[in-house]
Amino acid sequence: MSTHLSLTDRTVIERLIAMHYSFSYIARELRRSPSTIAREVLKRRTFTSHFRAGSNDCIEYFNCLHKHLCPTETKYTCFQNCKFCTEYNCTTICEFYISEHCPRLEKPPYVCTSCKEKKGCRKVQAYYSAFKANHLYLETLRESRMGPHASPEELKRINDIIAPLLQNGQSLNHILSTHSLDIRFTERTIYNYIDLRALSVRNIDLPKKVAYKMRRTKKVRTTMEYQCRKGRTIDDFKDYIAAHPDVSIVEIDTVKGTRGSKNVLLTFIFRENNFMLIFLMNDGTQKSVNKVFDYLTQTLGLELFKQVFPVILTDNGVEFKGPHNLEFTADGKRRTRIFYCDPLASWQKAHIEKNHSLIRRILPKGTTFNFLSPKDIHLITCHINSVAREIFDNVTPFDLMTAPRYKKLLDALALSAIPPDEVCLKPILLKRR
(Lines give C-alpha, C1' and ligand atoms only; values in the text may rest on other atoms or scores of the structure.)
Protein backbone atom coordinates (compact mmCIF):
# COMPACT_ATOMS: atom_id res chain seq x y z
CA MET A 1 0.00 0.00 0.00
CA SER A 2 1.29 3.43 -0.94
CA THR A 3 2.27 5.75 1.88
CA HIS A 4 0.59 8.66 0.07
CA LEU A 5 -3.14 9.27 -0.02
CA SER A 6 -4.78 8.93 -3.43
CA LEU A 7 -7.73 10.82 -4.89
CA THR A 8 -9.93 7.85 -3.99
CA ASP A 9 -8.78 8.02 -0.38
CA ARG A 10 -9.50 11.74 -0.24
CA THR A 11 -12.96 11.19 -1.70
CA VAL A 12 -13.66 8.72 1.12
CA ILE A 13 -12.47 11.28 3.69
CA GLU A 14 -14.73 14.00 2.24
CA ARG A 15 -17.79 11.71 2.15
CA LEU A 16 -17.33 10.28 5.66
CA ILE A 17 -16.75 13.73 7.21
CA ALA A 18 -20.06 14.85 5.70
CA MET A 19 -21.67 11.81 7.31
CA HIS A 20 -20.37 12.90 10.76
CA TYR A 21 -17.90 10.00 11.14
CA SER A 22 -14.85 10.48 13.38
CA PHE A 23 -11.26 10.46 12.22
CA SER A 24 -10.73 7.13 14.00
CA TYR A 25 -13.47 5.50 11.95
CA ILE A 26 -12.15 7.03 8.70
CA ALA A 27 -8.65 5.84 9.56
CA ARG A 28 -9.85 2.27 10.06
CA GLU A 29 -11.65 2.36 6.73
CA LEU A 30 -8.50 3.53 4.93
CA ARG A 31 -6.09 1.50 7.07
CA ARG A 32 -4.29 4.64 8.10
CA SER A 33 -3.43 6.38 11.33
CA PRO A 34 -6.00 8.87 12.72
CA SER A 35 -3.21 11.46 12.88
CA THR A 36 -2.66 10.98 9.13
CA ILE A 37 -6.31 11.84 8.44
CA ALA A 38 -6.19 14.81 10.81
CA ARG A 39 -3.05 16.22 9.20
CA GLU A 40 -4.53 15.77 5.74
CA VAL A 41 -7.66 17.75 6.62
CA LEU A 42 -5.76 20.47 8.48
CA LYS A 43 -3.20 20.91 5.72
CA ARG A 44 -5.50 20.86 2.71
CA ARG A 45 -8.80 22.33 3.88
CA THR A 46 -9.97 25.44 2.03
CA PHE A 47 -11.53 28.60 3.54
CA THR A 48 -14.44 30.63 2.20
CA SER A 49 -12.41 33.81 2.84
CA HIS A 50 -9.09 34.72 4.40
CA PHE A 51 -8.67 35.93 7.94
CA ARG A 52 -8.11 39.64 8.03
CA ALA A 53 -4.58 40.67 8.92
CA GLY A 54 -4.16 42.70 12.09
CA SER A 55 -5.85 42.63 15.50
CA ASN A 56 -9.37 43.61 14.39
CA ASP A 57 -11.11 40.52 13.04
CA CYS A 58 -14.68 41.56 13.86
CA ILE A 59 -17.29 40.33 11.37
CA GLU A 60 -18.91 43.81 11.48
CA TYR A 61 -15.64 45.59 10.71
CA PHE A 62 -16.66 47.00 7.32
CA ASN A 63 -20.12 48.09 8.53
CA CYS A 64 -19.14 49.33 11.98
CA LEU A 65 -19.79 53.03 12.76
CA HIS A 66 -19.36 52.96 16.54
CA LYS A 67 -17.77 55.97 18.24
CA HIS A 68 -16.89 57.06 21.78
CA LEU A 69 -16.28 53.56 23.15
CA CYS A 70 -13.06 54.42 24.96
CA PRO A 71 -13.36 55.21 28.74
CA THR A 72 -11.59 58.59 28.59
CA GLU A 73 -12.90 62.10 29.38
CA THR A 74 -11.93 63.28 25.89
CA LYS A 75 -13.91 60.60 24.07
CA TYR A 76 -16.62 63.08 23.07
CA THR A 77 -14.07 65.33 21.39
CA CYS A 78 -12.95 62.45 19.11
CA PHE A 79 -14.92 62.19 15.89
CA GLN A 80 -13.32 59.15 14.20
CA ASN A 81 -14.71 55.65 14.26
CA CYS A 82 -13.32 53.50 17.02
CA LYS A 83 -12.15 50.86 14.59
CA PHE A 84 -9.50 53.34 13.35
CA CYS A 85 -8.24 54.25 16.82
CA THR A 86 -4.50 53.79 17.35
CA GLU A 87 -4.57 54.07 21.15
CA TYR A 88 -7.22 51.49 21.98
CA ASN A 89 -8.16 48.15 20.50
CA CYS A 90 -11.91 48.38 20.07
CA THR A 91 -12.31 44.59 20.07
CA THR A 92 -11.52 44.59 23.80
CA ILE A 93 -14.06 47.23 24.80
CA CYS A 94 -16.92 46.83 22.31
CA GLU A 95 -19.86 44.73 23.48
CA PHE A 96 -20.88 44.06 19.88
CA TYR A 97 -17.55 42.49 18.89
CA ILE A 98 -17.82 39.06 17.25
CA SER A 99 -14.65 37.45 15.87
CA GLU A 100 -14.81 36.07 12.35
CA HIS A 101 -12.63 33.20 13.50
CA CYS A 102 -14.64 30.18 14.66
CA PRO A 103 -13.10 28.29 17.61
CA ARG A 104 -14.70 25.07 16.35
CA LEU A 105 -12.16 25.02 13.49
CA GLU A 106 -9.46 24.32 16.05
CA LYS A 107 -11.05 20.97 16.97
CA PRO A 108 -11.85 17.88 14.89
CA PRO A 109 -13.09 17.66 12.22
CA TYR A 110 -11.52 21.12 11.61
CA VAL A 111 -14.15 21.93 8.94
CA CYS A 112 -17.72 23.23 8.87
CA THR A 113 -19.16 20.40 6.79
CA SER A 114 -21.09 18.78 9.63
CA CYS A 115 -21.90 22.00 11.55
CA LYS A 116 -25.63 22.66 12.01
CA GLU A 117 -25.14 26.44 12.20
CA LYS A 118 -23.13 26.85 9.01
CA LYS A 119 -26.05 28.05 6.88
CA GLY A 120 -26.46 31.48 8.50
CA CYS A 121 -22.95 31.76 9.95
CA ARG A 122 -21.03 34.88 8.94
CA LYS A 123 -17.69 33.67 10.26
CA VAL A 124 -14.90 32.33 8.08
CA GLN A 125 -15.80 28.76 7.14
CA ALA A 126 -13.57 25.85 6.16
CA TYR A 127 -14.35 22.83 4.00
CA TYR A 128 -12.50 19.76 2.77
CA SER A 129 -12.77 19.04 -0.96
CA ALA A 130 -11.19 15.86 -2.27
CA PHE A 131 -10.44 17.31 -5.72
CA LYS A 132 -8.97 20.54 -4.37
CA ALA A 133 -6.94 18.63 -1.77
CA ASN A 134 -5.57 16.29 -4.41
CA HIS A 135 -4.68 19.26 -6.63
CA LEU A 136 -2.78 20.89 -3.76
CA TYR A 137 -0.98 17.59 -3.11
CA LEU A 138 0.10 17.28 -6.76
CA GLU A 139 1.27 20.91 -6.80
CA THR A 140 3.35 20.30 -3.68
CA LEU A 141 4.78 17.13 -5.22
CA ARG A 142 5.71 18.98 -8.41
CA GLU A 143 7.29 21.93 -6.61
CA SER A 144 9.29 19.60 -4.38
CA ARG A 145 11.12 18.39 -7.49
CA MET A 146 11.91 21.87 -8.75
CA GLY A 147 14.98 23.74 -7.61
CA PRO A 148 17.18 23.15 -4.59
CA HIS A 149 15.65 21.82 -1.40
CA ALA A 150 18.31 23.51 0.67
CA SER A 151 17.83 27.01 2.01
CA PRO A 152 20.01 29.89 0.69
CA GLU A 153 22.00 29.79 3.93
CA GLU A 154 22.55 26.04 3.54
CA LEU A 155 23.65 26.45 -0.09
CA LYS A 156 26.10 29.18 0.88
CA ARG A 157 27.57 26.97 3.60
CA ILE A 158 27.99 24.07 1.15
CA ASN A 159 29.47 26.39 -1.48
CA ASP A 160 32.03 27.74 1.00
CA ILE A 161 33.24 24.16 1.59
CA ILE A 162 33.23 22.86 -1.99
CA ALA A 163 34.40 25.82 -4.09
CA PRO A 164 37.91 26.31 -2.56
CA LEU A 165 38.65 22.57 -2.64
CA LEU A 166 37.60 22.28 -6.29
CA GLN A 167 39.97 25.14 -7.06
CA ASN A 168 42.73 22.90 -5.66
CA GLY A 169 41.85 20.28 -8.26
CA GLN A 170 40.10 17.90 -5.89
CA SER A 171 37.30 15.78 -7.32
CA LEU A 172 33.76 16.12 -6.04
CA ASN A 173 33.83 12.52 -4.84
CA HIS A 174 36.96 13.19 -2.76
CA ILE A 175 35.42 16.31 -1.21
CA LEU A 176 32.17 14.56 -0.30
CA SER A 177 33.96 11.56 1.19
CA THR A 178 36.10 13.74 3.45
CA HIS A 179 33.32 16.20 4.35
CA SER A 180 30.27 13.92 4.38
CA LEU A 181 29.21 15.06 7.86
CA ASP A 182 29.46 18.73 6.91
CA ILE A 183 27.75 18.59 3.51
CA ARG A 184 25.10 15.90 4.16
CA PHE A 185 24.06 15.69 0.49
CA THR A 186 24.71 12.96 -2.06
CA GLU A 187 27.07 13.43 -4.98
CA ARG A 188 24.14 13.30 -7.41
CA THR A 189 22.39 16.10 -5.51
CA ILE A 190 25.48 18.32 -5.61
CA TYR A 191 25.79 17.72 -9.36
CA ASN A 192 22.15 18.74 -9.75
CA TYR A 193 22.74 21.94 -7.74
CA ILE A 194 25.69 22.76 -9.98
CA ASP A 195 23.54 22.21 -13.08
CA LEU A 196 20.88 24.52 -11.57
CA ARG A 197 23.58 27.16 -10.89
CA ALA A 198 22.67 27.12 -7.22
CA LEU A 199 26.39 27.14 -6.36
CA SER A 200 29.23 29.30 -7.64
CA VAL A 201 30.87 26.16 -9.03
CA ARG A 202 30.32 25.44 -12.74
CA ASN A 203 30.63 22.23 -14.74
CA ILE A 204 33.87 23.51 -16.26
CA ASP A 205 35.38 23.40 -12.76
CA LEU A 206 34.75 19.64 -12.52
CA PRO A 207 37.74 17.76 -13.97
CA LYS A 208 35.84 14.55 -14.75
CA LYS A 209 32.52 16.01 -15.95
CA VAL A 210 31.57 14.45 -19.30
CA ALA A 211 35.25 13.62 -19.79
CA TYR A 212 34.92 9.98 -20.70
CA LYS A 213 33.73 8.50 -23.95
CA MET A 214 31.63 5.36 -24.04
CA ARG A 215 33.95 2.39 -24.20
CA ARG A 216 33.50 -0.18 -26.93
CA THR A 217 35.16 -3.57 -26.74
CA LYS A 218 36.75 -4.55 -29.99
CA LYS A 219 38.81 -7.49 -31.10
CA VAL A 220 42.52 -6.78 -31.05
CA ARG A 221 44.52 -8.10 -33.95
CA THR A 222 48.22 -8.54 -33.38
CA THR A 223 50.03 -7.98 -36.67
CA MET A 224 53.56 -8.20 -35.31
CA GLU A 225 55.05 -10.40 -32.64
CA TYR A 226 58.37 -9.39 -31.14
CA GLN A 227 60.83 -11.81 -29.58
CA CYS A 228 60.28 -10.16 -26.19
CA ARG A 229 56.55 -10.99 -26.25
CA LYS A 230 56.98 -14.74 -26.56
CA GLY A 231 55.61 -16.33 -23.40
CA ARG A 232 54.60 -12.87 -22.14
CA THR A 233 51.41 -12.05 -24.08
CA ILE A 234 48.09 -11.10 -22.50
CA ASP A 235 46.91 -14.70 -22.88
CA ASP A 236 50.01 -15.92 -21.04
CA PHE A 237 49.24 -13.31 -18.38
CA LYS A 238 45.69 -14.64 -17.95
CA ASP A 239 46.94 -18.22 -17.70
CA TYR A 240 49.49 -17.24 -15.06
CA ILE A 241 46.89 -15.35 -13.01
CA ALA A 242 44.51 -18.30 -13.24
CA ALA A 243 47.25 -20.54 -11.84
CA HIS A 244 48.21 -17.99 -9.17
CA PRO A 245 44.95 -16.21 -8.21
CA ASP A 246 46.39 -14.62 -5.06
CA VAL A 247 49.30 -12.88 -6.76
CA SER A 248 49.40 -9.07 -6.73
CA ILE A 249 49.35 -7.33 -10.11
CA VAL A 250 51.25 -4.13 -10.91
CA GLU A 251 50.75 -2.07 -14.07
CA ILE A 252 53.50 0.21 -15.38
CA ASP A 253 53.63 2.89 -18.05
CA THR A 254 55.34 6.16 -18.92
CA VAL A 255 54.07 9.74 -19.10
CA LYS A 256 55.80 12.19 -21.43
CA GLY A 257 55.88 15.97 -21.47
CA THR A 258 55.63 18.31 -24.39
CA ARG A 259 57.74 17.80 -27.51
CA GLY A 260 61.33 18.61 -26.72
CA SER A 261 60.95 17.66 -23.05
CA LYS A 262 63.66 15.14 -22.16
CA ASN A 263 62.45 14.03 -18.74
CA VAL A 264 59.91 11.18 -18.63
CA LEU A 265 57.81 9.82 -15.77
CA LEU A 266 57.74 6.10 -15.04
CA THR A 267 54.54 5.11 -13.21
CA PHE A 268 53.57 2.00 -11.25
CA ILE A 269 50.10 1.23 -9.92
CA PHE A 270 48.94 -1.60 -7.66
CA ARG A 271 45.62 -2.93 -8.90
CA GLU A 272 44.36 -3.94 -5.47
CA ASN A 273 44.45 -0.43 -4.02
CA ASN A 274 45.23 2.00 -6.93
CA PHE A 275 48.35 3.23 -5.15
CA MET A 276 50.62 4.91 -7.69
CA LEU A 277 54.40 5.24 -7.63
CA ILE A 278 56.03 7.84 -9.87
CA PHE A 279 59.71 8.12 -10.75
CA LEU A 280 61.55 10.75 -12.78
CA MET A 281 63.77 9.48 -15.61
CA ASN A 282 66.22 11.45 -17.74
CA ASP A 283 64.73 9.96 -20.92
CA GLY A 284 62.37 7.23 -22.09
CA THR A 285 64.89 4.52 -22.87
CA GLN A 286 65.29 0.94 -21.68
CA LYS A 287 68.39 1.97 -19.78
CA SER A 288 66.47 4.53 -17.71
CA VAL A 289 63.72 2.03 -16.87
CA ASN A 290 66.38 -0.51 -15.80
CA LYS A 291 67.89 2.11 -13.49
CA VAL A 292 64.57 2.58 -11.70
CA PHE A 293 64.17 -1.19 -11.26
CA ASP A 294 67.72 -1.47 -9.94
CA TYR A 295 67.13 1.47 -7.57
CA LEU A 296 63.98 -0.15 -6.15
CA THR A 297 65.76 -3.49 -5.79
CA GLN A 298 68.63 -1.88 -3.91
CA THR A 299 66.32 0.25 -1.71
CA LEU A 300 63.83 -2.48 -0.82
CA GLY A 301 66.02 -5.55 -1.01
CA LEU A 302 65.45 -8.41 -3.43
CA GLU A 303 62.99 -10.36 -1.25
CA LEU A 304 60.77 -7.31 -0.54
CA PHE A 305 60.91 -6.32 -4.23
CA LYS A 306 59.64 -9.78 -5.21
CA GLN A 307 56.76 -9.45 -2.70
CA VAL A 308 55.77 -5.95 -3.84
CA PHE A 309 56.20 -6.43 -7.63
CA PRO A 310 55.57 -10.15 -8.33
CA VAL A 311 53.78 -9.62 -11.68
CA ILE A 312 54.00 -6.55 -13.92
CA LEU A 313 51.74 -5.78 -16.89
CA THR A 314 52.83 -3.15 -19.39
CA ASP A 315 52.39 -2.02 -22.99
CA ASN A 316 54.59 -2.53 -26.03
CA GLY A 317 56.60 0.69 -25.71
CA VAL A 318 60.23 0.59 -26.77
CA GLU A 319 61.33 1.40 -23.22
CA PHE A 320 59.92 -1.95 -22.01
CA LYS A 321 61.31 -4.12 -24.82
CA GLY A 322 64.12 -5.47 -22.64
CA PRO A 323 62.15 -7.84 -20.36
CA HIS A 324 65.13 -9.93 -19.32
CA ASN A 325 66.88 -6.98 -17.66
CA LEU A 326 63.65 -6.09 -15.85
CA GLU A 327 62.86 -9.62 -14.71
CA PHE A 328 66.34 -10.42 -13.46
CA THR A 329 69.00 -8.62 -11.45
CA ALA A 330 72.50 -8.03 -12.74
CA ASP A 331 73.67 -11.29 -11.08
CA GLY A 332 70.85 -13.29 -12.70
CA LYS A 333 68.35 -13.54 -9.81
CA ARG A 334 64.66 -13.32 -10.72
CA ARG A 335 62.85 -10.38 -9.18
CA THR A 336 59.56 -10.19 -11.16
CA ARG A 337 57.63 -11.39 -14.21
CA ILE A 338 56.80 -9.09 -17.15
CA PHE A 339 53.75 -9.46 -19.42
CA TYR A 340 52.62 -7.30 -22.35
CA CYS A 341 49.19 -6.07 -23.40
CA ASP A 342 48.06 -6.51 -26.97
CA PRO A 343 49.12 -3.71 -29.33
CA LEU A 344 46.68 -0.77 -29.38
CA ALA A 345 44.85 -2.22 -26.36
CA SER A 346 45.56 0.23 -23.54
CA TRP A 347 42.23 -0.72 -21.94
CA GLN A 348 43.87 -3.99 -20.84
CA LYS A 349 45.76 -1.94 -18.23
CA ALA A 350 42.94 0.47 -17.52
CA HIS A 351 43.93 1.18 -13.90
CA ILE A 352 47.10 3.04 -14.74
CA GLU A 353 45.65 4.73 -17.83
CA LYS A 354 42.79 6.18 -15.80
CA ASN A 355 45.02 7.31 -12.96
CA HIS A 356 47.27 9.17 -15.37
CA SER A 357 44.45 11.73 -15.53
CA LEU A 358 45.32 12.70 -11.96
CA ILE A 359 48.89 13.45 -13.03
CA ARG A 360 47.58 15.52 -15.95
CA ARG A 361 45.66 17.76 -13.57
CA ILE A 362 48.96 18.83 -12.07
CA LEU A 363 51.03 18.53 -15.27
CA PRO A 364 48.62 19.24 -18.16
CA LYS A 365 49.42 18.07 -21.67
CA GLY A 366 51.79 20.49 -23.31
CA THR A 367 53.77 21.00 -20.09
CA THR A 368 57.52 20.48 -20.19
CA PHE A 369 58.98 18.09 -17.62
CA ASN A 370 62.46 19.57 -17.78
CA PHE A 371 61.92 21.70 -14.67
CA LEU A 372 60.83 18.75 -12.51
CA SER A 373 62.97 17.46 -9.66
CA PRO A 374 62.71 14.28 -7.54
CA LYS A 375 61.18 16.41 -4.74
CA ASP A 376 58.42 17.55 -7.12
CA ILE A 377 57.65 13.95 -8.07
CA HIS A 378 57.61 12.91 -4.41
CA LEU A 379 55.10 15.69 -3.64
CA ILE A 380 52.89 14.77 -6.61
CA THR A 381 52.90 11.11 -5.53
CA CYS A 382 51.77 11.96 -1.99
CA HIS A 383 48.93 14.23 -3.16
CA ILE A 384 47.59 11.85 -5.81
CA ASN A 385 47.50 8.90 -3.40
CA SER A 386 45.65 11.03 -0.82
CA VAL A 387 42.57 11.39 -3.05
CA ALA A 388 39.54 9.37 -1.92
CA ARG A 389 38.42 6.77 -4.47
CA GLU A 390 34.76 5.98 -4.99
CA ILE A 391 35.61 2.47 -6.19
CA PHE A 392 37.05 1.73 -2.73
CA ASP A 393 34.15 3.20 -0.69
CA ASN A 394 35.76 6.64 -0.59
CA VAL A 395 38.98 5.72 1.16
CA THR A 396 42.37 6.78 -0.14
CA PRO A 397 45.08 4.49 -1.57
CA PHE A 398 47.20 5.38 1.46
CA ASP A 399 44.45 3.94 3.70
CA LEU A 400 44.57 0.66 1.76
CA MET A 401 48.35 0.19 2.03
CA THR A 402 47.94 -1.88 5.18
CA ALA A 403 49.85 -5.04 4.25
CA PRO A 404 53.29 -5.33 5.91
CA ARG A 405 55.10 -5.33 2.55
CA TYR A 406 53.37 -2.07 1.58
CA LYS A 407 54.17 -0.42 4.89
CA LYS A 408 57.83 -1.26 4.36
CA LEU A 409 57.58 0.22 0.86
CA LEU A 410 56.12 3.49 2.18
CA ASP A 411 58.82 3.74 4.84
CA ALA A 412 61.60 3.03 2.36
CA LEU A 413 60.37 5.71 -0.07
CA ALA A 414 59.35 8.17 2.71
CA LEU A 415 55.79 8.49 1.39
CA SER A 416 53.05 9.86 3.68
CA ALA A 417 49.40 10.91 3.28
CA ILE A 418 48.30 14.54 2.85
CA PRO A 419 45.40 15.87 5.03
CA PRO A 420 42.13 15.83 3.00
CA ASP A 421 41.65 19.61 2.85
CA GLU A 422 45.25 20.18 1.79
CA VAL A 423 45.13 17.88 -1.23
CA CYS A 424 45.85 19.88 -4.38
CA LEU A 425 45.70 18.56 -7.94
CA LYS A 426 46.46 21.81 -9.77
CA PRO A 427 49.67 23.12 -11.36
CA ILE A 428 49.90 25.58 -8.48
CA LEU A 429 50.95 22.64 -6.27
CA LEU A 430 54.51 22.82 -7.61
CA LYS A 431 54.61 26.60 -7.14
CA ARG A 432 53.82 26.33 -3.43
CA ARG A 433 57.15 24.75 -2.59
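Visitor: Where is the place of Pro109?

Guide: Pro109 is in the loop between strand E1 (46–47) and strand E2 (126–127). Helices (H or I, at least four residues) and strands (E, at least two) are DSSP runs, numbered from the N terminus. A cis peptide bond, with omega about 10°, joins Pro108 and Pro109.

Visitor: And the ground rules for all this?

Guide: This is a predicted model, where local features need pLDDT of at least 70 and side-chain atom pairs count only at pLDDT 80 or more, while totals for chains, interfaces and linings use all residues. Residues are numbered from 1 along each chain as its sequence is written, and side-chain values use heavy atoms, with hydrogens and water left out.

Visitor: OK. What else lies in the loop between E1 and E2?

Guide: Ser49 lies there. The C-alpha atoms of Ser49 and Val124 are separated by 6.0 Å, though the two are 75 residues apart along the chain.

Visitor: Is Ser49 exposed, partly exposed or buried?

Guide: Ser49 is partly exposed, with a relative accessible area of 36%. Buried means under 20% relative accessible area, exposed over 50%, and partly exposed in between (1.4 Å probe, protein chains only).

Visitor: Switching to helices. Which residues of H16 are buried?

Guide: In H16 (residues 404–413), they are Tyr406, Leu409, Leu410 and Leu413. Seen down the axis of H16, the buried residues fall within an arc of 95°, so they line one face of the helix. That arc is taken from the directions from the helix axis to the C-beta atoms.

Visitor: What's on the face of H16 turned away from its buried side?

Guide: That face carries the exposed residues Pro404, Lys408 and Asp411.

Visitor: And what covers the buried residues of H16?

Guide: The cover includes strands E4 (264–270) and E5 (275–281), along with helices H10 (286–300), H11 (302–308), H14 (374–384) and H15 (397–400). Contact here means heavy atoms within 4.5 Å.

Visitor: Which other residue has a positive phi of about 60° although it is not a glycine?

Guide: Asn274 has one. Asn274 sits in the loop between E4 and E5, and at 8% relative accessibility it counts as buried.

Visitor: What about His20, buried or exposed?

Guide: His20 counts as exposed, at 56% relative accessibility. His20 has a positive phi of about 70° and is found in the loop between helix H1 (7–18) and helix H2 (23–30).

Visitor: Since you mention H2, which of its residues are buried?

Guide: Phe23, Ile26, Ala27 and Leu30 are the buried residues of H2. They cover an arc of only 100° around the axis, which puts them on the same side of H2. Their cover includes H1 and helix H3 (34–44). Just after H2, Arg31 takes a positive phi of about 60°.

Visitor: Now the core. How many residues has the largest nonpolar core?

Guide: The largest nonpolar core has 56 residues, and those with the most contacts inside it are Leu265, Phe268, Phe270, Leu277, Phe309, Leu363 and Ile380. Apart from it lies another core, of 19 residues, among them Ile162, Ala163, Ile190 and Val201. By nonpolar core I mean a set of buried Ala, Val, Leu, Ile, Met, Phe, Trp, Tyr and Cys residues joined through side-chain atoms within 4.5 Å.

Visitor: What is Leu277 in contact with?

Guide: Leaving aside neighbours within four places in sequence, Leu277 is in contact with Leu266, Thr267, Phe268, Phe270, Phe309, Leu409, Leu413 and Leu415.

Visitor: Gln348, then: buried or exposed?

Guide: Gln348 counts as buried, at 12% relative accessibility. Gln348 lies in the loop between strand E7 (337–340) and helix H13 (350–362). Not counting residues up to four places away in sequence, Gln348 touches Ile234, Glu251, Arg271, Leu313, Cys341 and Asp342.

Visitor: Last one. Where does Gly322 lie?

Guide: Gly322 lies in the loop between strand E6 (311–314) and helix H12 (323–327). At 14% relative accessibility, Gly322 counts as buried. Gly322 and Gln227 are 95 residues apart in sequence and 10.0 Å apart in space, C-alpha to C-alpha.
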